[in-house]
Amino acid sequence: MEETINNSVDAPKVTLVEPRGFCAGVVRIVDTVELIVKQFPNRKIFLNHEAVHNKHITQKFLDMGVGIEPDVDKVPEGAVYILSAHGSKPEFVKKAKSKNITVIDATCPLVTKVHLEVNRFANEGYAIFYIGHKGHPEAEAAMSIRPDCMVLVDNLKEAESVSLPAGIKADKLIYLTQTTLFIDDCERIAD
């Protein structure tokens, strides 16, 4: 909704716009955590790491009694364990699901789509250049899906000297990106 304020004829026109808000993944994780807290008031609830990069939301979750525990082995039996919007390594999800805990996968749908594309293109024999930040949970999760045919490219300098994984033909290349990056940055790195 847009509102125009102009109190006098000589005053400059000021247009107030509503903020863009959060992406679908953030909205999803916030809604999921709030729902789980209401649905399971007597159970311990944990996230596998900070659900989103927003200190206010993280603090809100902590205030609601939701803990952050990256080590699934430390999650007590009977707890609810929410996997964050960034996605998780397949072996981590498998391990979490093997425990006597309730696992809720709140991965952002856009992140899940990238993971599906990793599998699709890897199965078709492509080398995948994944444009993302080293150490970021989303990049770590994506890179763990098919590390045999993926190369992480963090920045423009790395892109200038990147090489193909062994055994992958140069005529079958594709790049996928971390969903939280700026399009302009990704295009420069891809070029």
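Two strands pair if DSSP finds at least two bridges between them. By that rule, an open sheet of three strands has the order β8-β7-β9, with parallel pairing. Strands here are DSSP runs (E, at least two residues), as are helices (H or I, at least four), numbered from the N terminus. This is a predicted model: local features need pLDDT of at least 70, side-chain atom pairs count only at pLDDT 80 or more, and totals for chains, interfaces and linings use all residues. Residues are numbered from 1 along each chain as its sequence is written, and side-chain values use heavy atoms, with hydrogens and water left out.

- Axes are lines fitted to C-alpha atoms, for helices over the stretch in contact; angles run from 0 to 180 degrees between N-to-C directions.
- Five bridges join β7 (residues 127-131) to β9 in the parallel sense.
- Phenylalanine 129 stands opposite tyrosine 175 in β9.

**Helices on the sheet**
- Helix α4 (residues 109-123) packs on the sheet and touches β7, β8 and β9. Contact means heavy atoms within 4.5 Å. The direction of α4 makes about 170° with that of β9.
- Helix α7 (residues 183-190) lies across β7, β8 and β9. α7 runs at about 140° to β7.

**The α1/α2 pair**
- The axes of α1 (residues 24-39) and α2 (residues 55-63) come within 11 Å and cross at roughly 10°.
- α1 and α2 are therefore roughly parallel to each other (angles under 35 degrees count as such).
- Val26, Ile29, Val30, Val33 and Glu34 of α1 meet Ile57, Lys60 and Phe61 of α2.
- By class, this contact of α1 with α2 has six nonpolar, no polar and two charged residues. Nonpolar covers Ala, Val, Leu, Ile, Met, Phe, Trp, Tyr, Cys and Pro; charged covers Asp, Glu, Lys and Arg; the others, Gly among them, are polar.

**Isoleucine 57**
- Isoleucine 57 sits in helix α2. At 7% relative accessibility, isoleucine 57 counts as buried (under 20% relative accessible area, 1.4 Å probe, protein chains only).
- Isoleucine 57 and valine 30 are 27 residues apart in sequence and 7.8 Å apart in space, C-alpha to C-alpha.
- Leaving out residues up to four places away in sequence, isoleucine 57 touches Phe22, Val26, Val30 and Val52.

**Histidine 86**
- Histidine 86 lies in the loop between β5 (80-83) and α3 (90-98).
- Histidine 86 counts as buried, at 6% relative accessibility.
- Beyond four places in sequence, histidine 86 has contacts including His49, His53, His136 and Glu138.

Key: Buried < 20%, exposed > 50% of the residue type's maximum accessible area, 1.4 Å probe, protein only. Parallel < 35°, antiparallel > 145°, perpendicular 65-115°, else oblique.
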